[in-house]
Amino acid sequence: MREGESIIVRHGDKGKWKINEEELRAELPPDEAELVLSVLGSEFEELTETPLKLEGVKRSLRLGDALFESLPQQSVLVSIDSGKDRAQLTRALATARIAQREAQDRARDDKTAKRIDMLHVDEEELVKMMADSSDKTWTPYAEMMTKDGISEAEAVARWLNDMNTPETQVDPAIHPKESAERYRRAIQELRSRITSDNVPVVLFGAGHSGSLGQIRYEKLGGRAATAEDAPKFCEMFRFDKDGNLVDAEGVEI
């Protein structure tokens with residue numbers, strides 16, 4: 001992991017899963033099933049179904065594994081999410097998995113185990129900076145998925161291309177450029193507030209496809225976006241300390 005790196009991901013697979021302990025235990029190893037049940041029971045106890053598909057629950061755990069593997073031997077992990085249910089659950093599962101992996105490492109060999117101090121930021125103004133682009137611009141493209149029989153990724157690509165066409169008249173306050181800039185400012189703001197002279201500070205945020213898609217679009221250098229450019233579930237977008245996109249990496253189940 002690079003010095004001063006921040007990672008923002010799209011939330012896990014969008015959809016619903018009716019919480020079923022028996023199904024969960026059949027789908028996951030015992031330690032992971034216990035972890036999911038613990039997170040749901042302690043942080044989302046009012047839920048009878050999750051705002052993620054079961055695939056999204058699994059992918060959020062694999063996201064936690066990917067983050068754990070990439071973290072330095074000793075670090076401070078600062079997490080934040082947009083406050084929306086899907087992003088909240090993705091963040092909670094990923095960070096819980098990181099904590100579990102750290103504990104498992106310590107149990108095997110305390111001397112060589114990674115040391116990760118975790119801090120969750122829930123300050124209202126910072127959380128608002130992680131919100132998605134306005135549904136007012138996105139809704140017509142969501143309708144295209146049914147009307148034209150296209151995938152969500154294709155709809156996102158159309159949306160990004162249309163929103164960034166000079167002829168398109170969009171209120172700047174609800175343009176995806178606005179939320180993309182908020183994501184960059186959130187990184188800069190958190191880095192200015194949370195520093196350490198002793199260990200690396202790594203930022204981890206859970207956000208949405210609109211803002212991340214716009215950020216990737218702006219890096220394309222004028223090329224039209226395609227379905228492949230649409231942010232995938234739990235895809236890790238890596239930023240430098242100034243909020244510039246460096247690269248991105250998918251997370252497989």
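**Figure 1. The largest nonpolar core of the predicted model.** This core has 22 residues, and those touching the most other members are Ile8, Val78, Val121, Leu190 and Phe239. A nonpolar core is a set of buried Ala, Val, Leu, Ile, Met, Phe, Trp, Tyr and Cys residues joined through side-chain atoms within 4.5 Å. Buried means under 20% relative accessible area, exposed over 50% and partly exposed in between, with a 1.4 Å probe and protein chains only. At least two core residues come from each of strand 4 (74–81), helix 8 (176–193), strand 6 (201–207), helix 9 (209–219) and strand 7 (236–239). Helix 8 gives the most, 5 residues. Helices (H or I, at least four residues) and strands (E, at least two) are DSSP runs, numbered from the N terminus. Leucine 190 is in contact with Ile80, Val121, Leu126 and Leu203, leaving aside neighbours within four places in sequence; contact means heavy atoms within 4.5 Å. In soluble globular proteins, nonpolar side chains tend to be buried together.

The structure is a predicted model, in which local features need pLDDT of at least 70 and side-chain atom pairs count only at pLDDT 80 or more, while totals for chains, interfaces and linings use all residues. Residues are numbered from 1 along each chain as its sequence is written, and side-chain values use heavy atoms, with hydrogens and water left out.

**Figure 2. The largest cavity.** The structure holds 1 cavity of 30 Å³ or more, and the volume of the largest cavity is about 70 Å³. On a 1 Å grid over the protein atoms alone, a cavity is a set of points where a 1.4 Å probe fits but cannot get out, whereas a pocket is an open set with protein on both sides within 12 Å along at least five of seven lines; lining residues have an atom within 4 Å of a point. Grid points are joined across faces, edges and corners, and a volume is the space filled by probe spheres set on the points. Among the lining residues are Ile8, Val78 and Leu190. Strand 1, strand 4, helix 8 and strand 6 are the elements that give two or more residues to this lining. By class, the lining has 10 nonpolar, 2 polar and no charged residues. Ala, Val, Leu, Ile, Met, Phe, Trp, Tyr, Cys and Pro count as nonpolar, Asp, Glu, Lys and Arg as charged, and the others, Gly among them, as polar.

**Figure 3. The largest pocket.** About 310 Å³ of space lies in this pocket. Of its 18 lining residues, Lys84, Arg86, Asp132, Asp135 and Trp138 lie nearest the centre. Helix 6 (135–147), helix 7 (152–163) and helix 9 each supply at least two lining residues, with the largest share, 3 residues, from helix 7. The lining divides into 4 nonpolar, 7 polar and 7 charged residues.

Figure 4. Arginine 10 lies in strand 1 (residues 6–10) and is buried, at 5% relative accessible area. Its side chain reaches the backbone oxygen of proline 231 at 3.1 Å. Beyond four places in sequence, arginine 10 touches residues including Glu152, His208 and Cys234. Cysteine 234 is in the loop between helix 9 and strand 7 and counts as buried at 0% relative accessibility. Cysteine 234 is not a glycine, yet its phi is positive, about 65°. Most residues other than glycine have a negative phi.

**Figure 5. Arginine 216.** This residue lies in helix 9 and counts as buried, with 13% relative accessibility. Not counting residues up to four places away in sequence, arginine 216 touches Glu228, Asp229, Ala230, Pro231, Glu235, Phe237, Leu245 and Ala248.

Terms used. A polar contact is a pair of N or O atoms within 3.5 Å; within protein, one must be able to donate a hydrogen and the other to accept it, and residues adjacent in sequence count only if both atoms are side-chain atoms.
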